[in-house]
Amino acid sequence: MNKKLIHILTATIPLVFFAQACTTTPETPANSNQTGNNTKVDSKTPEKTPTSTDNKSTANPKSEKTTTPAAVKENPEKSAKLTNMAKFLAGIKVDANTPLAAEQKTQAWKVYADYFDNSWKDLDKKQLAKIRTWSEQELKSINETPHPIFYPFSGPDFLYAYSFFPNGTNYIMAGLEPVGSIPEIEKKSDGEIDRKLQGIQNSLNAILNYSFFRTNDMKVDLSEKGVVPILLVFLARTNNKILDLQYIQLKKDGTIQVADKGNKEKLIPGVKIDFVPAGKTEPRTIYYFSGDLSDDGLKKTPEYIKFVQGFDKRITYLKAASYLMHNEEFSKIRNLITSESAALLQDDSGIPLKFFDAKKWNLNFYGNYTQPIALFSARYQPDLRKAYQGTKDIKPLNFGIGYQYEVNASNLMLGTHK
């Protein structure tokens with residue numbers, strides 16, 4: 001057996017026991033990308049809550065009802081500060097006239113930057129460049145028109161959603177991982193900065209090597225710093241300029257507001273990051289919410305579905321989703337996806353094939369499907385195996401993705417609504 005796979009399995013086996021303690025279905029493991037177990041919504045807000053320039057409630061996405069995001073007013077000073085912080089955390093040199101430039105002269109940061117440069121070059125060569133090429137060919141008709149990208153069970157994995165769908169207008173993400181906050185760097189000692197950078201590096205090791213986050217790692221690594229630093233790293237490494245970052249809360253009517261620590265309501269916490277790719281002028285937005293997507297969780301917080309439904313013509317992306325939507329405990333989110341997505345791209349850990357009505361969906365298969373990794377062996381789909389065996393000219397994947405991250409072992413299914 002491949003040594004990397006053995007490493008993943010031995011590191012992930014404890015997740016089974018964590019899942020049994022958190023869910024009502026013993027065989028439902030926690031999500032290695034973003035757990036969808038029955039943990040309650042984390043209602044904490046960051047210690048420091050930046051607000052928008054006008055300090056008013058953020059607009060309801062329902063008012064957009066198109067694939068065009070609301071206009072973003074750029075504050076050049078704030079944008080430069082956020083972008084430089086993202087670069088610093090991503091191991092990229094910042095402008096020489098910024099306070100962070102002095103911190104990049106330390107040996108610790110230089111070692112950190114070398115690690116990122118080497119890891120990113122390797123990742124880009126093995127996966128990201130190939131995914132971009134594949135996307136240009138196989139997702140051309142989808143990516144020609146800007147769409148909102150819905151990525152449930154994502155954790156902080158903006159990277160792969162952006163690689164497959166670089167023209168998304170809004171990236172709507174969710175996980176149990178806390179929102180977190182931007183690390184304070186300038187007032188810290190060299191030792192404290194080194195520890196923060198090492199923590200980020202540890203959090204990213206799995207996705208840089210295997211294409212997905214491991215839940216047990218995230219539970220430890222992101223328990224304090226949350227997803228914000230990881231999102232900033234991915235934005236910087238994909239050559240994006242950050243325009244604004246706001247900590248937000250999802251209200252009961254499905255609209256969002258700037259986070260208010262004094263608000264006694266139990267509102268779903270989130271972060272909104274506005275950014276623009278290099279060479280582009282149209283702003284894009286990431287929405288990340290920390291919440292429970294199980295049926296029990298969504299029953300308590302129906303506003304999340306209201307928020308998602310505010311974005312028309314959504315493209316859903318699912319990767320390394322722990323087969324959670326194979327269970328009836330996740331039927332609400334599964335039904336939302338199958339009934340309202342304009343298109344869907346997933347590996348076999350997402351929604352089972354049996355839930356796609358052939359009268360409503362056109363399905364295209366890529367790569368190879370034999371069986372799940374041993375940890376998820378109970379999630380084998382005979383009908384999916386039959387579909388692969390009975391379909392001629394299935395195009396191979398020259399990159400690995402999801403749990404079966406080795407080349408020639410991965411699978412993808414692209415579904416488009418008829």
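## Strand S7 and its partners

Leu 344 in strand S8 is the bridge partner of Thr 316. This comes from a predicted model. S8 covers residues 343-346, and its pairing with S7 is parallel, with four bridges. How does the chain get from S7 to S8? It crosses through helix H13, residues 331-340. This β-α-β crossover is right-handed.

S7 also pairs with strand S1, residues 149-151. Here two bridges join the strands, and they too run parallel. Opposite Ile 149 stands Ile 315 of S7.

## Two faces of S7

Side chains in a regular strand alternate between the two faces of the sheet. Now look along S7, residues 315-318. Which residues point which way? Ile 315 and Tyr 317 point one way. Thr 316 and Leu 318 point the other way. Are these residues buried or exposed? All of them are buried.

## Helices H5 and H10

Next, turn to a pair of helices. H5 spans residues 107-138, and H10 spans residues 228-237. Their axes come within 13 Å of each other and cross at roughly 60°. The crossing is right-handed.

Which residues meet where the helices pass? From H5 come Ala 113, Phe 116, Asp 117 and Trp 120. From H10 come Val 233, Phe 234 and Arg 237.

Conventions: Residues numbered from 1 in each chain as written. Predicted model: local features only at pLDDT ≥ 70, side-chain atom pairs only at ≥ 80, totals over all residues. Heavy atoms only, no water. Buried < 20%, exposed > 50% of the residue type's maximum accessible area, 1.4 Å probe, protein only. Pairing = 2+ DSSP bridges. Right-handed = clockwise from strand over helix to strand, strands pointing away. Axes fitted to C-alpha atoms, helices over the stretch in contact; angles between N-to-C directions. Left-handed = near helix turned anticlockwise from the far one by under 90°. Contact = heavy atoms within 4.5 Å.
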